[in-house]
Amino acid sequence: MSSLPLYEKVIAKNTTQRFLDVTILFLLLSLLFYRLLSLKHNGFAWFLAFLCESCFTFVWVLITGTKWTPISYNTYPQRLQERIKELPPLDIFVTTADPYLEPPILTVNTVLSLLAVDYPAHRLACYVSDDGCSPLNFYSLVEASKFAKLWVPFCKKYNIGVRAPFRYFLRESDEPPCASSWEFQQDWEKMKEEYERLCGNIEAAANNSTSFDLTGELEVFFNTECQNHPTIIKVIWENMQGLSDGIPHLIYISREKRPKNPHHYKAGAMNVLTRVSGLMTNAPFMLNVDCDMYANNPELVLHAMCLFLGSSDERDWGFVQCPQYFYDRPTDHLAVLHQTLFKGMVGIQGPFYAGKEADDELLKKIGNSKEFINSAAHALKGKAYFTSILSKSLDVVHQVAGCDYEHSSDWGKKVGFLYGSITEDMITGMMIHAKGWRSGYCSPDPRAFLGCGALADPAAMSQQKRWATGFLEILFSKTNPIFACFTSKLQFRQCLAYLWILIWGLRSIPEVCYAALPAYCIITNSSFLPKIQELGICIPVTLFVIYKVYTLSDYIRIGFPIDSWWVNSCMARISATGAWFLGLLNVILKFLGLSETIFEITQKLHQPRTPADDCGKDDDKMIFDESPVFIPGTTILLVHVSALAMALLGLEAQGGQGTGLGEFFCSTYVVLCFLPFLQGLFRRGKYGIPLPTICKSSALALLFVHLCKMSTISVN
């Protein structure tokens, strides 16, 4: 075992993919060249199409450069356990911010699954950051710690696969080989009864949260507000005996917040967790998990450690990223991304992330806590410690969790999780790559983590808008990947990978323009495509067919049906023209000083799903609300319906070059892409587009038609 590697690099053969990538790029360049040659013989629509297709070509260059060398890793945790007798300590960070948008039972299940992972308990410590300062969250964790004393031994005794109770009790197929034994049946019944009691206690507390009895341990929450409260740190469970088969430490943290002090959203919470854990346990590794992302593979830590500890160069891995999947939402589009783009990034510096100084310099960089400085200096010398007596450090940790601690320090600038963007993981991961580190990719079977998706389409679109906003904040900052490529150690192709995701908001401009172009041409009786009898029509037609077949083949190769490919193709257009476009507007308003970007928490719903639930008759219906993110999509649909109706009634502009079959095909294609919006116009309730949204979109569509008519008159 000592001579065998802890992981193996697998280089995928992608000759066919490379050929198709280059073919599509060649067709895109040919189309641009053709448009340039015939630009003087055509009008505004032709020129706008050229600009949009130039943007699409640039995006395709980014995509091709990113996924050119796909690589994956096979990890061998059994070899790790044979080779390393004393595994390194690990601090686990779980973050939550709102007990109503993120129900405590989700956090509880995530924590329970992490406390039960296959790793020595005395080498683990779980820190839960509650940015909402909720007594309900604290109470739920206290109750969960009592259940964990039964749940963790049960999981390890019977080698349970899924260790989040709410998922385990739904899936009979996960029963261990000894499931038929009388002893197991007795223990199983007891676990289910105890878990139902835990859920009942938490649900009862949630229903009476307004009349919480803030006495005893809950007294610290008296007279506290979400954005105005002192630091609260509680050791809920302490493995004082240092038992390897016991229950890991469990610590609750709610950092100090004051109305006049910026708290930097999740990045600020992560930095407080880093400092508090640095004083209490100071493990050399940390695991960062959202409150709704439970550990689906009990060996996930061992798999990640194979990458960290199996490398000959300690600077190989700055972090190891596990792919994100959901248990309550389709994950076909995520799987395709992980199999193509993300594995391509592994072949460069690694996937996105979802220094050593003297003591005087540390005082300037990491704040004025002498105890924390000593702890950091100790760690930087490779002498990190892990204590099982947490109570000794409680007196000093409150200082580093205070809202004034970061003043005159480099926290959020050069140290810890970086500020300046509401997508703190992206900017932090990029800076790690810019320092020359690589990131690993851990994708074991079964999947490492499974999470709860956005509650509905409005929440998902809001999440997309937040991402697009945060990415643009990074792109237009001093820490953007272009500067990092020239001034730091960010590799060129890694820079391309970051640019691909950071320009989401900017991509919305050509997406919106290109989506509106067929309607414009129909209304103005012009064209942006060669006529059907012209030889040049072969280029866009061939490009369209090859691209669609290429993307469809990705889904079929991974094992997904054709309808999932079509649905995700449509949602890509809807997100790009809606959520991403709103994200761009947010950043513009921020730069103009008219508004500030706000971190919007994605609403989650704890509603376990069974296989029968996945076949619901309403699963294919889109949910709408009055959010502005649905206005662009509704407007685009109304514009195309109006254009097709005008052509059918002969109301299009007279004269001009004439509209060809290509424009009518493209307009019909756009209507099909936005078919959920068309259906939403005739539905009621949550599946129907709200009347205010229809009115606003109708006004914008009428304005578009009027401007098209005016442009025709001015040209004539």
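Modeller: Let's start in a loop: Asn282 sits between helix H8 and strand S7 (285-290). Keep in mind that this is a predicted model.

Biologist: Why does Asn282 count as buried?

Modeller: Buried means under 20% relative accessible area. Asn282 has 8% relative accessibility, so it counts as buried.

Biologist: And what is the phi of Asn282?

Modeller: It is positive, about 55 degrees, although Asn282 is not a glycine. His264 is another non-glycine with a positive phi, about 60 degrees. You'll find His264 in the loop between strand S6 (249-254) and helix H8 (265-280).

Biologist: Why is His264 called partly exposed?

Modeller: The label goes to residues between the buried cut-off of under 20% and the exposed cut-off of over 50%. His264 has 31% relative accessibility, so it counts as partly exposed. Ala460, which lies in helix H15, gets its label by that reasoning: at 30% relative accessibility, it counts as partly exposed.

Biologist: How far apart are Ala460 and Glu663, in sequence and in space?

Modeller: They are 203 residues apart in sequence, and their C-alpha atoms are 31 Å apart in space.

Biologist: What makes you say that helix H14 (residues 424-434) is largely enclosed?

Modeller: Count its residues: 10 of the 11 are buried, so H14 is largely enclosed by the rest of the structure. Among the buried ones are Glu424, Asp425, Met430, Met431 and His433.

Biologist: What covers the buried residues of H14?

Modeller: The cover includes helices H8, H15 (457-475), H16 (481-487) and H17 (492-502), along with strands S9 (317-321) and S10. After H14 comes Gly436, with a positive phi near 100 degrees.

Biologist: Which residues does the cis peptide bond join, and how do you know that it is cis?

Modeller: It joins Asp445 and Pro446, and the omega there is about 5 degrees. Pro446 belongs to the loop between strand S10 (438-441) and strand S11 (449-451).

Biologist: How do you describe the packing of helix H4 (residues 104-115) and helix H5 (residues 135-157)?

Modeller: Two packed helices are described by the angle between their axes and the distance between those axes. For H4 and H5 the angle is about 35 degrees, and the axes are 9 Å apart. H4 passes H5 in a right-handed crossing. On the H4 side, the contact is made by Pro104, Val108, Val111, Leu112 and Leu115. The H5 residues include Leu136, Asn137, Ser140, Phe147 and Trp151.

Biologist: How many residues of each class does that contact of H4 with H5 have?

Modeller: It has 12 nonpolar and two polar residues, and no charged ones.

Biologist: Now the whole protein: how do you know that its radius of gyration agrees with that of a compact globule?

Modeller: Set the two values side by side. With 716 residues, a compact globule would come out near 27 Å, and the protein has 28 Å, which agrees. Its C-alpha atoms fill a box of roughly 85 × 60 × 55 Å along the principal axes.

Biologist: What share of the 716 residues is buried?

Modeller: Buried residues make up 54% of them. The accessible surface comes to about 32200 Å², with 60% of that belonging to carbon and sulfur atoms.

Biologist: And how many helices and strands are there?

Modeller: The protein has 25 helices and 11 strands.

Definitions and conventions: Residues are numbered from 1 along each chain as its sequence is written. This is a predicted model: local features need pLDDT of at least 70, side-chain atom pairs count only at pLDDT 80 or more; totals for chains, interfaces and linings use all residues. Side-chain values use heavy atoms; hydrogens and water are left out. Axes are lines fitted to C-alpha atoms, for helices over the stretch in contact, and angles run from 0 to 180 degrees between N-to-C directions. Helices (H or I, at least four residues) and strands (E, at least two) are DSSP runs, numbered from the N terminus. A crossing is left-handed if the near helix is turned anticlockwise from the far one by less than a right angle, and right-handed if clockwise. Contact means heavy atoms within 4.5 Å. Ala, Val, Leu, Ile, Met, Phe, Trp, Tyr, Cys and Pro count as nonpolar, Asp, Glu, Lys and Arg as charged, and the others, Gly among them, as polar. The radius of gyration is taken over C-alpha atoms; the globule rule is 2.2 Å times the number of residues to the power 0.38. Buried means under 20% relative accessible area, exposed over 50%, partly exposed in between (1.4 Å probe, protein chains only). Accessible areas come from the Shrake-Rupley method with a 1.4 Å probe; for residues, only the protein chains shown count as cover.
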